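User: I'm opening this one for the first time. Can you walk me through it?
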Amino acid sequence: MSSRPQRLQKILAQAGYGSRRACEQIILQGRVRVNGQVVTQLGARADPHTDVVEVDGKQIQTPAKHTYILLHKPAGVVTTRYDVHARRTVMDLLHGVTTPVFPVGRLDADTTGLLLLTDDGDLAYRLVHPRYGVPKTYLVEVRGEIGEESIHRLRQGVLLEDGMTAPAQVQKIRYLAPHQTTLLRFTIHEGRKRQVKRMCRAVGHPVVRLHRERLGPLTLGKLPTGAWRYLTEEEVAALRRAVGLPH
Ligand code: URA
């Protein structure tokens with residue numbers, strides 16, 4: 001794989017040799033070789049994927065380059081790579097993306113909001129595995145005026161067909177009198193199938209609308225419905241931190 005040359009201190013930092021400042025010191029101390037030549041200049045660049053970079057005689061490991069895409073999913077598209085019924089999928093919205101990314105977790109067809117797609121299997125696995133407890137926050141509109149008792153039950157965890165859910169953070173935003181619905185902000189740390197809908201139904205308040213606004217450190221910002229963008233390096237680093245991966 002070839003990529004753009006980058007400053008040596010950045011390459012070292014990405015390979016886990018400490019902060020950029022610490023990596024500058026390593027360079028100044030003459031401990032770094034690029035293709036066999038000692039390099040002590042701080043402005044020097046190398047291609048982490050084609051040049052051989054060594055620290056103290058040991059070749060550094062460069063992280064593989066992955067693709068991370070944030071999609072503002074509209075209603076009416078399914079979260080899958082291929083749909084046997086030929087319905088519109090989230091992949092149909094990724095115009096111009098040539099890497100074979102896959103969705104991280106699933107949003108129901110009628111759910112809108114933040115969906116991450118990537119080809120980074122390690123990160124994806126940790127983001128959906130309950131052991132890592134990555135918070136997912138939803139704006140939820142439920143039927144009826146939800147009372148304190150139901151909110152308390154949701155907060156404690158609800159018994160579903162597949163067992164007890166972990167406690168959720170639930171905040172009542174307001175009752176929408178004209179619609180006779182209640183708006184909630186709901187954070188869960190698991191990702192079971194249709195979990196929010198099943199939890200709300202279990203306490204007698206079926207979901208009318210569901211929108212994911214946050215996944216760990218990621219938010220949609222001003223990304224319009226149906227649009228996508230690549231994650232910034234800072235966002236990727238924050239995600240990796242959130243699941244205990246080096247960055
Ligand atoms: N919980 C649900 O019930 N549906 C979703 O799409 C996401 C979370």
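**A first walk through the model**

User: Let's start with Trp 228. How accessible is it?
Analyst: Trp 228 has a relative accessibility of 22%, so it counts as partly exposed. Keep in mind that this is a predicted model.

User: How many aromatic pairs are there?
Analyst: The count comes to one aromatic pair. It joins Trp 228 and Tyr 230.

User: What is the geometry of Trp 228 and Tyr 230?
Analyst: The ring centres of Trp 228 and Tyr 230 are 5.0 Å apart. Their planes stand at 85 degrees, so the pair is edge-to-face.

User: And Tyr 230, how accessible is that?
Analyst: Tyr 230 is at 44% relative accessibility, so it counts as partly exposed.

User: Zooming out. Which domains does the assignment give?
Analyst: Domain 1 covers 6-59, domain 2 covers 68-129 + 217-242, and domain 3 covers 135-215.

User: What separates the centres of domain 1 and domain 3?
Analyst: Taken over C-alpha atoms, those centres are 50 Å apart.

User: Now the largest nonpolar core. Which residues touch the most other members?
Analyst: Val 140 and Phe 186 do, in a core of 29 residues. At least two residues each come from β7 (68-73), β9 (112-118), β10, α4, β14 and α5.

User: Where does this core lie relative to domain 2 and domain 3?
Analyst: Domain 2 and domain 3 both give residues to the core, so it lies between them.

User: What is Phe 186 in contact with?
Analyst: Leaving aside neighbours within four places in sequence, the contacts of Phe 186 include Tyr 138, Val 140, Leu 154 and Val 170. Val 196, Met 199 and Cys 200 are also among them.

User: Which residues are in the other core, the one of 18 residues?
Analyst: That core lies apart from the largest one, and includes Val 104, Leu 223, Val 236 and Val 243.

User: Back to α5. Is it mostly covered or mostly open?
Analyst: Helix α5 (residues 195-202) is mostly covered, with six of its eight residues buried. Those are Gln 195, Val 196, Lys 197, Arg 198, Met 199 and Cys 200.

User: What covers the buried residues of α5?
Analyst: The cover includes the strands β10 (136-143), β11 (159-160), β14 (181-188) and β15 (207-215). Helix α4 (148-156) is part of it too.

User: What comes just after α5?
Analyst: Gly 204 does, with a positive phi of about 90 degrees.

User: And which residue sits in the loop between β14 and α5?
Analyst: Arg 194 is found there. Its phi is near 50 degrees, a positive value in a residue other than glycine. Most residues other than glycine have a negative phi. Arg 194 is at 45% relative accessibility, so it counts as partly exposed.

User: Where is Asn 35, and what about its phi?
Analyst: Asn 35 is in the loop between β2 (32-34) and β3 (37-38). Asn 35 has a positive phi of about 50 degrees, although it is not a glycine. At 45% relative accessibility, Asn 35 counts as partly exposed.

User: What about Thr 165, buried or exposed?
Analyst: Thr 165 is buried, at 4% relative accessibility. It is found in the loop between β12 (163-164) and β13 (169-176). Beyond neighbours within four places in sequence, Thr 165 is in contact with residues including Glu 190, Arg 192, Gln 195 and Met 199. Thr 165 and His 189 are 24 residues apart in sequence, with their C-alpha atoms 9.4 Å apart.

User: Last stop, Arg 20. Where is it and what does it touch?
Analyst: Arg 20 is in helix α2 (residues 20-28). Not counting residues up to four places away in sequence, Arg 20 touches Gln 9, Lys 10 and Ala 13. The C-alpha atoms of Arg 20 and Lys 10 are separated by 6.2 Å.

Methods. Residues are numbered from 1 along each chain as its sequence is written. This is a predicted model: local features need pLDDT of at least 70, side-chain atom pairs count only at pLDDT 80 or more; totals for chains, interfaces and linings use all residues. Side-chain values use heavy atoms; hydrogens and water are left out. Buried means under 20% relative accessible area, exposed over 50%, partly exposed in between (1.4 Å probe, protein chains only). Helices (H or I, at least four residues) and strands (E, at least two) are DSSP runs, numbered from the N terminus. Contact means heavy atoms within 4.5 Å. A nonpolar core is a set of buried Ala, Val, Leu, Ile, Met, Phe, Trp, Tyr and Cys residues joined through side-chain atoms within 4.5 Å. Domain bounds come from an automatic or database domain assignment. Rings of Phe, Tyr and Trp (its six-membered ring) pair if their centres lie within 6.5 Å; planes under 30 degrees apart count as stacked, over 60 as edge-to-face and the rest as tilted.
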